[in-house]
Amino acid sequence: MSSVDLIIFGASGDLSARKLFPALYQLDCAGLLPSDLRIAALARQDIGLDAFLIELRERMSGYMGDVAPNDNDWASFSERFSYISVNFSEADDFAGLRNWLDDSRVSLFYLATPPNLFAPICEHLNGSACLSGDYRIVLEKPIGEDFASSTQVNETLARYFDERSIYRIDHYLGKETVQNLLTLRFANRFINSQWDASCIDHVQITVAEVVGIEGRWGYYDNVGQLRDMVQNHLMQLLCLVAMEPPNSLEAESIRDEKVKIVKALRRIQPATVAEEVVRGQYSQGWSQGSAVPGYLEEPGSEAPASDTETYVAIKAHVDNWRWAGVPFYLRTGKRMPEKVTEIIIQYKALPHNIFGDGANIPNRLIIRLQPNEGIELSMVSKRQSLRDKLSLQTHTLNLDFRENAESDRIPDAYERLFLDAINGDQSLFVGREEIEESWRWCDSLIAACQSQGVTAKPYHAGSWGPAKAEILIEKDGRSWHA
Ligand code: BG6
């Protein structure tokens with residue numbers, strides 16, 4: 001296999017310090033990076049390599065807690081680095097990068113930049129002959145803000161890169177439990193044979209965050225929780241739950257199945273949007289013991305009347321044979337009481353109950369992505385007792401991921417994704433069609449909300465969202481998993 005060079009655009013940005021370099025550092029410490037992998041850090045500031053590394057180590061350490069870099073490991077990690085000062089909008093600035101590149105190696109260009117720089121970077125890479133060897137490009141979301149703009153971004157990419165060399169990141173796909181979802185479904189025959197409308201009552205996907213918008217008003221107010229979280233992360237989780245078994249673990253095979261699900265998602269119509277979608281916005285409240293401002297009072301707030309949602313709950317339907325009549329309840333919000341990401345598969349009640357009242361407790365499968373990654377299956381069994389022959393109880397079969405794990409630390413999603421991008425494995429990256437179809441679905445939901453005046457209802461920071469979100473599910477005789 002050819003040697004790889006990693007070229008990070010936006011090396012002094014927040015994502016780089018928070019996620020990218022810590023992930024690379026961990027991989028290096030674990031001996032998982034190719035020994036000859038070189039890293040070029042590209043940013044605008046005209047500082048030398050030494051100053052860049054000192055600042056980087058300090059910033060990374062702030063996010064890494066007890067696994068912050070130690071002197072020895074940092075010394076060998078630093079040896080991989082070069083620093084190149086580049087203004088990404090200036091064609092002439094790419095000459096320095098061209099000199100650094102080695103066409104006998106694979107160049108992995110990682111764009112950790114605002115999306116408005118994607119097009120100029122691609123253009124200048126091409127114009128300065130940086131695309132003459134073997135190369136791949138890795139991009140962060142957002143890929144557009146609606147169907148039309150995502151098509152435009154993808155068209156630009158397609159002008160310079162073959163789809164097989166484009167790695168679009170959705171970091172949720174790099175999370176251990178998300179990968180385990182594929183294994184659970186397709187390596188266990190009994191699970192897969194019960195995975196349809198005949199056995200499953202409904203599915204819930206919850207992505208609750210404690211944080212607010214974290215000083216990102218400028219970005220977030222134009223986006224909202226639907227575009228920031230549902231279009232990408234929740235959609236990917238829904239696809240992995242709902243898709244048919246792929247023919248293989250090849251990227252194309254998985255993507256083909258995921259696209260079918262996005263296309264089968266019923267478009268939310270104006271006539272039903274008020275019943276199927278709840279939007280919310282947090283007002284001031286308490287978060288983990290501290291008073292916190294409402295969304296409209298967040299630092300940087302520029303639109304005192306903004307209707308941007310920080311919470312959304314949706315009742316979705318996948319219109320295909322397997323899922324006919326099974327609702328998928330999705331909810332995600334900021335400033336919730338806890339950080340929880342989980343998928344609940346709620347099985348149907350028994351068709352005929354021979355054990356009496358206590359027995360008809362439907363099975364429930366909980367796939368927890370964070371915290372305490374793991375999978376739980378609730379089952380009914382008999383309690384050992386001579387006195388009471390029919391004393392039943394609910395037991396939980398627990399697959400704790402920490403047991404038999406390679407290390408105590410569950411790796412960050414970016415570690416998996418870096419390794420795969422370096423090894424040329426696209427299976428955990430998102431294809432063009434999935435993104436565009438997902439935008440089409442979100443566009444129709446947004447249009448329906450706008451036409452019917454579905455506004456963002458206030459909820460107190462630190463609560464589970466607007467009361468209407470409870471009604472959304474309770475009117476169907478179900479409730480959110482607590
Ligand atoms: C990002 C969103 O994609 O995912 C953020 O832009 C969000 O708003 C984050 O906070 C959540 O990621 P995680 O891995 O912490 O669940």
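Predicted model: local features only at pLDDT ≥ 70, side-chain atom pairs only at ≥ 80, totals over all residues.
Residues are numbered from 1 along each chain as its sequence is written, and side-chain values use heavy atoms, with hydrogens and water left out.

**Exercise 1. List the residues that surround the ligand, and sort them by class.**

Step 1. The surrounding residues are Lys141, His171, Tyr172, Lys175, Glu209, Arg216, Asp228, Met229, His233, Lys334, Lys339 and Gln370.

Step 2. Ala, Val, Leu, Ile, Met, Phe, Trp, Tyr, Cys and Pro count as nonpolar, Asp, Glu, Lys and Arg as charged, and the others, Gly among them, as polar. The shell then has seven charged, three polar and two nonpolar residues.

Step 3. Helices (H or I, at least four residues) and strands (E, at least two) are DSSP runs, numbered from the N terminus. Helix H10 (residues 224-242) gives the largest share of the shell, three residues.

**Exercise 2. Find the distances from polar side-chain atoms of Glu209, Arg216 and Lys339 to oxygen atoms of the ligand.**

Step 1. A polar contact is a pair of N or O atoms within 3.5 Å; within protein, one must be able to donate a hydrogen and the other to accept it, and residues adjacent in sequence count only if both atoms are side-chain atoms.

Step 2. The distance is 2.4 Å for Glu209, 2.5 Å for Arg216 and 2.9 Å for Lys339.

Step 3. Of the 390 Å² of accessible area that the ligand has on its own, the protein covers 80%. Accessible areas come from the Shrake-Rupley method with a 1.4 Å probe; for residues, only the protein chains shown count as cover.

**Exercise 3. Describe how H10 and H11 pack.**

Step 1. Axes are lines fitted to C-alpha atoms, for helices over the stretch in contact, and angles run from 0 to 180 degrees between N-to-C directions. The axes of H10 and helix H11 (residues 251-264) are 9 Å apart, at an angle of about 105 degrees.

Step 2. H10 is therefore roughly perpendicular to H11. Angles under 35 degrees count as roughly parallel, over 145 as roughly antiparallel, 65 to 115 as roughly perpendicular and the rest as oblique.

Step 3. Contact means heavy atoms within 4.5 Å. Met235, Gln236, Leu238, Cys239, Leu240 and Ala242 of H10 meet Lys258, Ile261 and Val262 of H11. This contact has seven nonpolar, one polar and one charged residues.

**Exercise 4. Describe how H11 and H14 pack.**

Step 1. H11 and helix H14 (residues 432-452) have axes 9 Å apart, at an angle of about 10 degrees. H11 is therefore roughly parallel to H14.

Step 2. Arg255, Lys258, Val259, Val262 and Lys263 of H11 make the contact with Glu433, Glu434, Glu437 and Ser438 of H14.

**Exercise 5. Locate two cis peptide bonds.**

Step 1. One joins Lys141 and Pro142, with omega about 0 degrees. Pro142 is in the loop between strand E5 (134-139) and helix H6 (147-160).

Step 2. Another joins Gln370 and Pro371, with omega about -10 degrees. Pro371 is in the loop between strand E14 (364-370) and strand E15 (374-382).

Terms used. Near = heavy atom within 4 Å.
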